[in-house]
Amino acid sequence: MATSNQIKCKVWDNKQEYPLTTESLRMLLKNRIPLIRLKEFATPQECEMLVDQAQLFNFDCYQDVNPKIERIGITVFEYNRISKAAYFQAVQRATKLRNCIMAASFNPFERLMMQIRECTGATVRIASEPFYGSYYAGLIRKIEQGTQLHIDYAPLEQSEWEVGTVISQLSWNLYLKFSPNNHGQTRIYDRQWQLGDDQYKLDSYGYSDTVIADADAIGFQPYVGDIFIFNTRNFHIVEPMDGQRVTFTSAIGLLPNGEIILWS
């Protein structure tokens, strides 16, 4: 088994957040920086409207994931163990529900894609699969009991899907509702998943703390209306909290041809 000295891998230039610019996005995709923050991306009123609309519907729980995580929407993570066909059969219904919620509140998804297009000049689109069509994108999610230490990296987890061809993967989280306290931080570690790290895996998605031994970390406290973007090949964890933590989120990936795709 590798020792902690062998698995430590420092890459970040520094431990601070950056605004969204062409350069900061390039650096985040290369894991040179830990975090991008878009301050006041949405107003408190917009966030409240979206949460109110979402709560008219049922939040389902991820299957076989502990602690419990609730969401509206579907994920390739879950359907990877079922079938690609079943995922795409569920896309239309999930997209219709998401659009219904956004139509009665606001559309953070299109707003962010527009900002990334303006920032990069790149093609920014929802991921699509030959013979199946567009992916679902845009979870409304509650993580209040925390998460295990984990990564989200499609080339490892969905290698047979279009999203598995990305060369870098990020996640964006818009904070819609957050109970004021000192808990519920997200911690990101300066340690990316590498071949051989499965020896540290505990279950369907969680990893042992051994994999981040001696690694630097940055934690961020969410603010309603802000977006935080980070590289999800880096190990990360969400602390449990008392109260509510509701976000709008999806994955962001960079394809070899320079296109940027989003999916859930």
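The legends below describe an overall view and several close-up views of a predicted model.

Residues are numbered from 1 along each chain as its sequence is written, and side-chain values use heavy atoms, with hydrogens and water left out. Because the model is predicted, local features need pLDDT of at least 70 and side-chain atom pairs count only at pLDDT 80 or more, whereas totals for chains, interfaces and linings use all residues.

View 1. Helices (H or I, at least four residues) and strands (E, at least two) are DSSP runs, numbered from the N terminus. The radius of gyration of the chain, taken over C-alpha atoms, is 17 Å, which agrees with the value near 18 Å that a compact globule of 264 residues would have; the globule rule is 2.2 Å times the number of residues to the power 0.38. Along the principal axes, the C-alpha atoms fill a box of roughly 50 × 45 × 40 Å. Of the 264 residues, 55% count as buried, that is, under 20% relative accessible area with a 1.4 Å probe and protein chains only. Among contacts with a separation of 6 or more, 77% come from residues 24 or more positions apart, a contact being heavy atoms within 4.5 Å.

**View 2. Strand β15 (residues 260-263) and its side chains.** Ile260 and Leu262 point one way from the strand, Ile261 and Trp263 point the other way, and all are buried. Strand β5 (residues 124-126) runs parallel to β15 and is joined to it by 3 bridges, where two strands pair if DSSP finds at least two bridges between them. In this arrangement Arg125 stands opposite Ile261 in β15.

**View 3. The hairpin of β14 and β15.** Strand β14 (residues 245-254) pairs with β15 in the antiparallel sense over 4 bridges, and Ile252 stands opposite Leu262 in β15. The hairpin has 5 residues between its two strands, and Gly258 in the turn has a positive phi of about 95 degrees.

**View 4. Thr147 in the loop between β8 (139-142) and α7 (154-157).** With a relative accessible area of 10%, Thr147 is buried. When residues up to four places away in sequence are not counted, Thr147 touches Pro67, Ile69, Tyr205, Ile237 and Val238.

How values were computed. Buried means under 20% relative accessible area, exposed over 50%, partly exposed in between (1.4 Å probe, protein chains only).
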